[in-house]
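Please keep the sequence and the model in view while reading.

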Amino acid sequence: MASAGLNPGPRGGNSPVFRPWDSFSVDPGDLDQRPLSPWAQRFGREDGVLYSADLIRHSGVAPEYPRLHPRYYGDNPDLTESFRGFARGLDEDRLFWSESYQQSILHILAWQSATLNNFVSFSTTFPRIPGGNVSSNLVTPPGSQDPTSIMNRIQLPTGVKYSSDDEVLSAVYDLEKIRVDESTWFSFFKRSRWWDPDLPRDTELDLQWSIDDPKVWAEFSTILELANRILNALVDDQHPWLETILFGRLDYWRNVYPNTPDFNARVLLSRIGDMSVCQKLGVRSYFEVTALPDMRGRLEGLLQSAKWTFMDNPNSRAMGITDPTAGAIISIDINPLRYLFKATLAEKCLLTVLVAFAVLHELMHHINFARMKLDSSKMNNFLSPSTDPNPALEPFVDFDGAAEIGYAFEKAVLGGCLEHQLLLRVPVTVYIVTWPWRRAELFPRNLNHPVFEDTHQIGTWRIPAYWASRILSQSFWEDGTARKSDDSFHLTPIFISTTQNTRPEPDWGEVVVNRDVVTHINDIEKSLVHEWDERSNLWGIHRRDWYPEALDRWNETPWSSLGDRAPLKDFVSSFQARDEVDCISTAISTVIRLPWESDSVTFSLSLPPHDDKSWIFSAIGLLMLAACPTRTKKLRKGESSSVTLESSLLKPSKKAYSEAGSRGTINIDAKLNYKDEVEILPIVIGNRFRNIAKYEPGPTQFDYIDMVLDLVGHLANGGQIVSGPWLFEIIRCCRELRNERERIEQKQPSSYTTKWVSTWPFQIPEYSSPNVLNSPHYALWVKWDPIMDEWVDV
């Protein structure tokens, strides 16, 4: 197929010559050995968070231009320095990439979230104090007699002279937070229910992860106190969720309603749902004929065998695990807890509330498992666990879109699921997102539910440290409010965003002030809104002369495709390990960015000028396949990526031993049961440019290379404008891969298709723009000139 001199032919020939492009490609070097940035040191980072040749490993959440301190990120930046440009293209790319990354994982920009953590509020004595993320001087200067200063207000009740801001803030927290009283707790929270994991001593924090360790108890007792108070409030308020989880109808979906998502799907029905179903079935509802038992007694009965422990599970993204087969043990991850000892006051409040709800989240799983196992039809349970092939399968609550009891609890109590980017060590931001939504793929789903429609709107609202500190304060629980659980424990959704339920990743939308509630909020919340507006204006002024135009320019390029760039990094590590299943899986997911098997109209709409990016990543995916062995048989990766916990043998804590009489040890199945067996079928694909419907017996590596060059030729012949740096790197890799494949074929003609190439040649091009000062400049967009027989800048 002739294509403007671009295609060297199906097997061999001379590759076309292109203008040198020696300086656009980034050498990744040894990415994992570079030092961490200050933000990455404090907040952690996701492996491979940015594929660049920068000298340090970035966190991806650090504000750039202007930069902020990783501890005092609430400070206003130095605005005396005007923007002078970027040293290299990778610096400009990192700015826009990191902000897109923040929108993706945090659903807010880090510089915006700083405002939400600027202050906390405990009582009328301390209605507003710094959250520790703003540099300040709280220690009263010598000779000052200001009675209103925070320093003097805390010295009066404590009688202690403090020497630093952190000491002052810690003293306020200790004075104002909820008072721990274990004697008032439900029995299932008490230390007598805790078992110790066989974890090594934490030398960094100088503690043992046991409820008996004084350091652990000092922090975790506050978490359990808060969890106990929240649960008590739900009981006192006769919250509908608690009625549902304790007494709601458990039944198979197929028995009570049509269109079951799965034959074994089951439901948990609230009072209203149960009465509606029973009316259709012609029977009386449990709620009509039964006087409900006391909720506290019911909780104690269902949770009489509940036990707790800690686990070290840093990569699971799960803050807790409840395994009904492991001795009724609920495991709480220590990794968020570790940062309670390092966090600022605002971050500590947010972390404490986050973990307290995680404790309750796991408790709901245990209640559900206990009901399915212990309750009979007399207690509104119509399941048959003895004959059920999957007796631990969780129910859909009132025919909801997904089955996950912990999230259903959070939805009922808070309005959505409580989220935090678990890869970050301390919470830059905590938020609530409406649940379920289409990406709830780990759980059984009801795809007929409206939440899975394209037009469904996902809502998020941010949790300021102000609210976290209020619910943690003793004054909140003593202020005379009759119903503590009303309105999501009196959380006003001030900072919100909405996004449409689209794939592959929703654009989470801009976080804005919910002006509908501003007239109803208190003075402290109004000051929070004022500071949000001020900071937004400050950033807008500082960036107005260059940022909007630069962002628009970057957004038009392939560099802005975060979801497509990630597999390029994944493939590098998989190729180095010669992991054929992972390599092929990554390649296929990239190839299908173009609908190769669709009709010509659909295919053309996926190419320039309609879509400037998909063809690039599909071409790279084909080159990935050209670098790997081909095969005609199915491949399966059998090992499970279920995370094995470091703690699997438990022994009773001192209280469990002395008060509950617990003896011996418990072996738990210390795995997250994520089934991840990957199966790769032989690739079936054709070359539409050569009228090949399907390669028989299957494509070779040369066929993949030809497909890429044919695609490039099609774009050239069509006069399309394409991304120059990415185009030239693709063609360079075509030439390198073809040359090596020809050498392999010459040496091993009968088995060359089963061989790997020696190296994966592709490197992400370095970005360029008029704002780049030092690196060579080149055009981002080119077009084929048939007269000059080369690509020219446009």
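## Basis of the model

The model is predicted, so local features need pLDDT of at least 70 and side-chain atom pairs count only at pLDDT 80 or more, while totals for chains, interfaces and linings use all residues. Residues are numbered from 1 along each chain as its sequence is written, and side-chain values use heavy atoms, with hydrogens and water left out.

## Salt bridges

The whole structure contains 38 salt bridges, a salt bridge being a side-chain nitrogen of Lys or Arg within 4 Å of a carboxyl oxygen of Asp or Glu. One of them joins the side chains of Arg94 and Glu64, with a distance of 3.0 Å from N to O. Arg94 belongs to helix H2 (residues 89-105), whereas Glu64 is in the loop between helix H1 (38-43) and H2, so this pair ties together parts that are 30 residues apart in sequence. Helices (H or I, at least four residues) and strands (E, at least two) are DSSP runs, numbered from the N terminus. Arg94 is buried at 8% relative accessibility, and Glu64 is buried at 4%; buried means under 20% relative accessible area, exposed over 50%, and partly exposed in between, with a 1.4 Å probe and protein chains only. Glu64 and Arg94 also belong to a network of salt bridges that links them with Arg67 and Asp91.

Arg565 counts as buried at 5% relative accessibility, and Asp93 counts as buried at 7%.

In a further salt bridge, the closest N and O atoms of Arg266 and Asp388 are 2.4 Å apart. Arg266 is in strand S5 (residues 266-269) and Asp388 in the loop between helix H13 (345-374) and strand S9 (396-397), so that distant parts of the chain, 122 residues apart, are linked. Arg266 and Asp388 are both buried.

Ser121 is located in the loop between strand S1 (119-120) and strand S2 (129-130), and its relative accessible area of 3% makes it buried. Beyond four places in sequence, Ser121 is in contact (heavy atoms within 4.5 Å) with residues including Phe126, Tyr466, Arg470 and Ile524. A polar atom of the Ser121 side chain lies 2.6 Å from the backbone oxygen of Pro127. The C-alpha atoms of Ser121 and Leu472 are separated by 9.7 Å, although the two residues are 351 residues apart along the chain.

Glu531 is found in helix H19 (residues 523-543) and is buried, with a relative accessible area of 17%. Apart from residues up to four places away in sequence, Glu531 touches Thr115, Asn118, Phe119 and Arg128.

## Nonpolar cores

A nonpolar core is a set of buried Ala, Val, Leu, Ile, Met, Phe, Trp, Tyr and Cys residues joined through side-chain atoms within 4.5 Å. The largest such core has 212 residues, of which Phe189, Phe220, Leu231, Trp615 and Trp760 touch the most other members. Helix H13 contributes the largest share of this core, 19 residues.

Among the residues that Phe220 touches, not counting those up to four places away in sequence, are Trp194, Phe310, Leu337 and Val359. A second, separate core of nine residues includes Val267, Val277, Phe396 and Ala403.

Terms used. A polar contact is a pair of N or O atoms within 3.5 Å; within protein, one must be able to donate a hydrogen and the other to accept it, and residues adjacent in sequence count only if both atoms are side-chain atoms.
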